[in-house]
Every structure is written in structure tokens, then in C-alpha cells.
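Here is a short briefing on one protein model. Look at the sequence and the structure first, then read the points below.

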Amino acid sequence: MDHQPKFFENLSGAGKAIAVLTSGGDAQGMNAAVRAVVRMGIYVNAKVYFIYEGYQGMVDGGDNIVEVSWESVSSILQVGGTVIGSARCKSFRTREGRLQAACNLVQRGITNLCVIGGDGSLTGANLFREEWSGLLEELAQKGKIDAEAVKKYAYLNIVGMVGSIDNDFCGTDMTIGTDSALHRIIEVVDAIMTTAQSHQRTFVLEVMGRHCGYLALVSALACGADWVFIPEYPPEEGWEDSMCVKLSENRARKKRLNIIIVAEGAIDCHNKPITSEKVKDLVVQRLGFDTRVTILGHVQRGGTPSAFDRILASRMGVEAVLALLEATPDTPACVVSLSGNQAVRLPLMECVQMTQEVQKAMDEGRFLEAVRLRGRSFENNLNTYKLLSHKKPDAELPKSNFNVAVLNVGAPAAGMNAAVRAAVRVGMTEGHKIFAVIDGFEGFARGKIKEISWGDVGGWTGQGGSILGTKRTLPAKYLEKIADQMRTNNINALMVIGGFEAYLGLLELSAAREKYDEFCVPMVMVPATVSNNVPGSDFSIGADTALNTITDTCDRIKQSASGTKRRVFIIETMGGYCGYLANMGALAAGADAAYIFEEQFDIRELQANVEHLTEKMKTSIQRGLVLRNENCNENYTTDFIYQLYSEEGKGVFDCRKNVLGHMQQGGAPSPFDRNFGTKISAKAMQWISKKLKETYRKEGGKVFANTDDSVCLLGMRRRNLVFQPVAELKSETDFVHRIPKEQWWLKLRPLMKILAKYKTSYDVSDSGQLEHVAMLPKEAETGAI
């Protein structure tokens with residue numbers, strides 16, 4: 001894009017007043033959004049107000065509408081729910097209520113509203129905006145405000161952010177709170193799996209989602225559930241029989257537990273409810289299995305927000321303030337949302353209408369249409385779930401006569417096992433024989449390779465690390481032995497799941513094609529590394545889990561400082577030379593600074609940071625948090641920075657340091673990594689099938705692929721999953737430091753600085769264009785899971 005960067009310094013909020021409120025059901029991450037709106041508002045010199053208790057507070061006025069300062073939103077980033085309260089409000093639905101609300105706002109000069117809530121709350125805000133000038137005239141006639149005020153406050157600007165754990169709002173990939181709700185569900189499912197296995201039990205889990213099956217569907221995909229019931233896709237007639245057949249088949253395959261997930265709004269094809277009790281009774285009567293029901297309820301709304309929700313909400317909050325500053329009387333009310341990993345603005349009513357269309361389609365029994373309207377991400381989830389959850393009888397499977405090998409390369413990353421499971425099952429569905437390679441390229445050379453079946457990968461989605469075993473060894477020194485193994489086992493395609501070493505490995509194998517025909521087969525790489533340093537992909541499997549580990553640890557460390565005032569923590573993160581974990585961890589944990597290799601810093605900057613913290617200690621927020629990427633600078637080590645801060649901060653604050661180390665590579669994969677791993681790997685295996693068909697030579701009876709486009713990396717780029725030849729990615733790679741030359745997340749760096757009260761410039765060229773819902777490519781697999 002050859003545009004001139006546009007910086008928001010030119011946008012001033014001086015003389016403007018912005019109010020923020022949360023309405024409807026609460027969701028984790030709302031506080032992060034409130035914090036970002038307040039700080040960004042104050043940063044651009046606007047006055048910012050809290051409206052307590054949602055629309056009720058706006059109608060009641062008085063102490064419910066309060067001007068706030070920078071410190072008012074300190075320490076709320078890690079708190080679930082909403083600190084400014086939310087209430088259902090009957091009076092705002094009446095014109096009298098809205099009249100009173102308008103009066104309360106005008107008295108304080110507020111004409112910019114930022115509403116965080118679901119579609120009901122946002123529709124109410126839009127109506128309020130449309131009535132605004134009429135309300136003001138009525139107030140003037142009644143003598144409550146003067147004619148000058150009617151002129152001065154003639155327009156009301158509204159920006160919405162969607163906070164809803166159900167992810168039921170069209171036009172946005174992920175709503176604030178959805179990822180955290182998935183974390184709660186997956187924590188419960190993982191815990192239940194261990195007890196169910198002990199007793200050979202069946203568990204029926206009921207999750208939230210009255211009108212939307214997103215939570216049920218994604219958690220079923222993330223834990224490999226046996227069956228899932230969602231409102232958008234009711235089971236076919238006779239589902240009772242097919243479900244019981246499937247459960248007993250699974251038991252016969254020595255599977256000790258069955259998990260069935262039911263959305264609270266689940267229905268059959270006649271629009272009759274399917275309840276968790278009904279499912280349980282069915283299993284007990286027909287199969288006699290020991291069956292238990294667990295209803296998750298409000299647990300899903302609770303707990304601390306995930307790293308994803310904090311970053312999403314912080315980005316949305318800043319974007320909302322920019323949208324308010326740029327709004328004119330002619331721009332429609334908009335919602336800020338996420339498409340891919342890009343912030344976008346969409347007309348509020350278009351989104352609301354589309355959301356209502358889904359419900360209408362469901363009420364009228366047009367279920368396929370309902371799934372389509374939910375967007376491509378939802379549709380992909382459903383198709384992937386159907387593909388992976390049920391094994392067709394061998395007689396129904398096609399026979400391709402191709403053998404595909406799957407291996408893990410590099411350091412372990414959470415989510416690798418989910419990717420292997422998807423690859424094995426999709427490969428078998430396509431009719432291939434799948435071979436698992438143990439211990440990466442080194443194991444390949446030693447012949448550690450065996451055929452793997454559908455049942456072998458059951459229960460793998462929730463396992464951390466790499467069950468196949470992984471090594472950093474590159475193939476160059478074993479080329480002949482690997483070629484031998486490929487010939488012996490007649491391997492026709494390779495799928496490599498791993499980090500930077502996997503990328504280098506594919507480059508080496510494709511370079512060796514001239515010498516070894518065995519490497520003239522389709523090869524694909526799926527990026528999996530906590531460092532997120534693979535060129536050609538914005539995200540890699542494992543990075544989200546590591547980010548959550550860092551965020552949780554920072555929360556605990558910050559808490560430990562609440563007793564001892566005036567303390568600064570220096571925390572070292574992993575990532576090699578890639579600053580993704582340090583930078584995003586800092587954004588999610590509310591850090592004061594993050595030192596990364598990509599943005600060179602010197603002693604003057606370190607000095608400025610110390611002075612900044614010294615100033616901060618004079619306020620009511622008496623603690624600091626500084627993150628440092630392990631390789632950001634060879635001389636300014638963690639010890640050096642710790643000693644410098646300790647010396648310079650003498651008498652003002654004391655210091656502690658923490659090196660997080662390998663805990664960042666461990667742990668159960670987050671819902672995001674399970675799903676991203678599952679979907680990206682399934683797509684990679686489908687590509688392999690396509691390439692095998694294209695490159696099969698009938699005359700020689702073998703596969704022969706030697707073009708660049710037969711060795712690809714499948715990566716997430718902005719809004720789409722893209723296959724890119726590894727040869728073309730060479731020019732985008734800094735091989736010395738093992739990072740891509742350009743990294744999208746560096747654009748978010750100023751965001752962290754603004755929220756930590758540093759003056760900085762923020763390029764807003766990407767934002768600001770109002771898009772339309774229908775145009776949005778909903779592949780954005782992204783961001784979303």
C-alpha cells in the first residue's frame with residue numbers, strides 16, 4: 001500500500017467530552033476496553049466520563065456520570081466483568097427516559113458516546129442518536145436547556161464495541177469476552193476428562209448460547225467432543241439413533257469417555273428444544289452408560305480476561321476514540337470490530353440487521369442460510385468439526401494409494417498435537433495412509449516412522465508439548481538417509497509442523513531436489529512456535545498459549561507488589577530475536593515498557609523510562625512492570641537493566657527481576673491454539689491431496705513435483721489463510737536473526753506506549769475507512785478461532 005502514513009497527532013480531542021458505558025450482559029475484557037477509551041481520550045486532551053450502571057445511570061444522572069482521570073482505570077485490565085457496572089434499563093426504552101438521559105449529557109457537554117454491549121444496547125444507542133436533535137428541542141421548550149446549548153451540542157456521535165461472550169454479532173470475527181469464555185469451558189472440559197476416563201463415563205456439558213452455537217461448536221472442536229448440539233444446525237431426523245450408534249462405536253474402540261456438548265438454545269429440526277437432561281436420559285435408556293450432566297452457567301462469564309481479549313479490547317478502545325474524533329454529523333453510528341487481525345469500522349445498523357437476519361432464518365427453519373449468515377469462520381468451524389469427529393466406515397473411504405508423512409520440527413509448542421490429529425484424520429478421510437515420524441528430521445533419518453490411525457490421535461487436542469517428539473536438527477546432514485526412508489516407506493508427500501527450523505528444513509529439502517528425486521513431492525509447512533517468528537504468517541500455533549502464560553504470570557507478579565509499595569519488576573520473555581511475546585505481553589499485562597530487538601534502544605531511552613517510572617511513583621499507582629525480550633540487546637542484558645533501574649531508582653523504588661523461561665513452552669494449549677492448529681492443519685492436508693492429484697504421473701506410476709509452488713508454507717495473512725512457496729519467502733526473511741523483515745504487530749507498539757502514558761506517534765492509516773458488512777471476507781480465520 002503506497003499511502004502516506006496518517007498520524008493521529010493531527011486529531012485533537014480538545015473541547016470534546018466522551019462518555020463510556022457498559023450495558024447488557026457482562027463479558028471479560030470490558031474493563032480493558034473501558035481503560036483504553038479513558039486513556040486514549042485523555043491522551044488526545046478530551047474530557048472523559050464514566051457512566052455507571054449502563055443506561056440506567058445515564059437516565060438517573062447525578063453521581064452516575066463522573067469525570068475520570070488516568071489513574072481511575074489503573075489495575076482494572078486483569079479484572080473480569082465491568083467495574084462501571086451494567087444494568088438492564090426499562091426507562092431508557094421510553095422517550096421520557098431518553099429525554100432525561102439527553103438532559104444529563106448536555107448539562108456536562110457530552111456529545112460523544114462509547115457503548116460497550118450486545119446488539120440490544122447498540123440498537124438503543126442508535127435510536128438515541130437519531131432522536132437527539134428532537135430531544136434537545138423538547139428540552140429547550142421545557143426550559144431545561146437554553147437555545148445556545150441546542151446549537152452547541154446539536155449532534156451526538158456514537159461508537160459501539162461488542163462485548164458478548166456468545167460471539168453472536170455479525171460483522172465481527174470475535175466479540176470481547178468470547179475467547180475468555182472458551183478458556184473457562186476448556187478448563188472445565190479438561191478437568192472433566194480426567195474423571196470421566198477413570199470411570200468410563202459419558203458427560204453431557206451445557207454451555208451458554210441461547211441463540212448462537214459458537215461457544216458450543218468451538219469448544220467441541222477444541223476438545224474433540226463426540227457430539228454437539230447448536231441452534232444454527234439442528235441434527236437430522238433420527239439423530240437419536242445415529243448419536244447412540246456413534247457413542248457405542250467409540251466405546252468399542254476402547255475410548256473410555258464420551259463428551260457431548262449442548263448449547264443452551266439447542267433445538268431439533270422442528271424447532272423443539274434439546275436439553276442436556278433429555279440427552280442424558282436418552283444415553284442412559286438406550287445404552288445404559290454411566291452419564292452425568294454438568295451445566296457450566298455463569299462460570300463462563302467470570303474469571304480474568306484472556307490475553308487475546310485484553311489485546312482485542314485495548315485495540316478496539318483506542319480505535320473507538322479515533323472513530324469519535326473523526327465522526328461528522330453525516331457518518332453513521334459505527335461499531336469497531338476485528339476482521340482478521342485488522343481493526344475495522346462497520347455501520348452499526350448493518351451489523352444489527354444482519355444479526356437479526358440469522359435469528360429470523362433460524363425461526364423459519366432456514367438453517368443452512370443461518371450458518372451462512374454467521375460468516376465463513378463459523379461455517380469453517382462447523383465443516384472442520386464434521387470432518388474430524390466422525391470416522392466413516394473403511395468401505396466408504398476413497399482409496400488414494402498415497403502415503404503422507406507428518407512430523408514436528410523445532411521446539412515444542414502447545415497446539416502441535418491438535419495439528420497432528422487434524423492432519424491424520426483429514427488425511428485418512430481423503431483416502432491416504434498417514435505415517436507419523438518420531439523426533440523430527442533426526443528421527444526420520446533413523447527410520448523412526450510408523451503408520452498412524454484415526455484412534456491413535458484421539459484425545460490429542462488438549463495435550464501440551466509434542467507427543468510425536470520434536471528436534472531442532474536440520475535435514476541437511478541426513479539428506480541421503482531421509483531420502484532412503486522416503487523411498488523405503490514410499491512417502492508421496494510431507495507435512496511439517498514446526499517453527500523456524502521447519503522453514504529452513506523445507507528450504508534445504510527443496511534445494512536437494514536436484515540430487516534426490518525422493519524430495520520431488522508436495523511439501524507443506526504449518527507454523528508452530530511460541531516465538532511467532534515464522535515468515536509468511538501473522539500467527540503461529542503456540543504463541544497464544546505462551547502469551548497467556550506470560551500475562552497470568554505478570555498478573556501474579558503485579559499482585560505481589562500491591563503490599564510492598566514502589567516496586568518495579570523486570571521480566572524476561574522468550575522469543576529469540578522476535579519481540580512478539582514481549583510486546584504483546586506488555587500490552588496484555590499493562591506494562592510500562594517492553595524492550596525488543598526490532599526497535600533499537602539506547603541508554604537515553606533507558607534513562608527516560610526510569611524517569612517515567614519515578615514520576616509514576618508520585619501518583620497513586622506505585623508499581624511498575626517492564627518486559628524484556630531475551631535477545632533484545634546483547635549488552636543491555638536483563639541483569640544490566642535490573643542493576644541500572646536499582647541504582648537510578650534508589651530512594652524512589654526498588655527492583656525485582658524474573659526470567660520466565662521454559663514455562664512459556666509448556667502447559668495445555670489455549671482454545672485459540674487448539675482451533676487454529678486444527679483448522680490450519682486440516683486446510684494444509686486438503687492442499688496436499690490437491691497437489692498429489694496434480695503431480696501424479698500415470699506413465700511412471702509415481703508423484704513428481706519439482707516446482708516452487710509444490711513446497712509451501714500455509715500462513716495467516718491479515719484476513720486470509722494463504723499458501724506461499726517457501727522460495728518466495730526468502731526475500732522476506734532475516735536469516736541471521738531468524739525473524740521476518742516486516743512484522744504486523746510492530747504497528748501495535750505505540751498502542752502500548754500510549755496506554756502507559758508515553759507521548760508517541762501512532763500510524764492510523766489502516767483505520768478510518770468505514771466498510772460494509774456484506775463485503776467483509778469472513779474467512780478471517782484469525783483472530784478468530
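Predicted model: local features only at pLDDT ≥ 70, side-chain atom pairs only at ≥ 80, totals over all residues.

Residues are numbered from 1 along each chain as its sequence is written, and side-chain values use heavy atoms, with hydrogens and water left out.

**Strands**
- Helices (H or I, at least four residues) and strands (E, at least two) are DSSP runs, numbered from the N terminus.
- Strand 2 (residues 47-51) is largely enclosed by the rest of the structure, because four of its five residues are buried (under 20% relative accessible area, 1.4 Å probe, protein chains only).
- Strand 1 (residues 17-22) pairs with strand 2 in the parallel sense over four bridges; pairing needs at least two DSSP bridges.
- Isoleucine 18 stands opposite valine 48 in strand 2.
- Strand 2 and strand 3 (residues 65-67) run antiparallel, joined by three bridges.
- Isoleucine 51 has isoleucine 65 in strand 3 as its bridge partner.

**Serine 219**
- Serine 219 sits in helix 7 (residues 214-223).
- Its relative accessibility is 0%, so serine 219 counts as buried.
- Beyond neighbours within four places in sequence, serine 219 contacts Leu182, Ile185, Ile186 and Ile261 (contact means heavy atoms within 4.5 Å).

**Two helices**
- Helix 13 (residues 376-389) meets helix 22 (residues 671-695).
- Residues of helix 13 in this contact include Ser377 and Leu388.
- Residues of helix 22 in this contact include Asn675 and Gln686.

Note on methods: Axes fitted to C-alpha atoms, helices over the stretch in contact; angles between N-to-C directions. Buried < 20%, exposed > 50% of the residue type's maximum accessible area, 1.4 Å probe, protein only.
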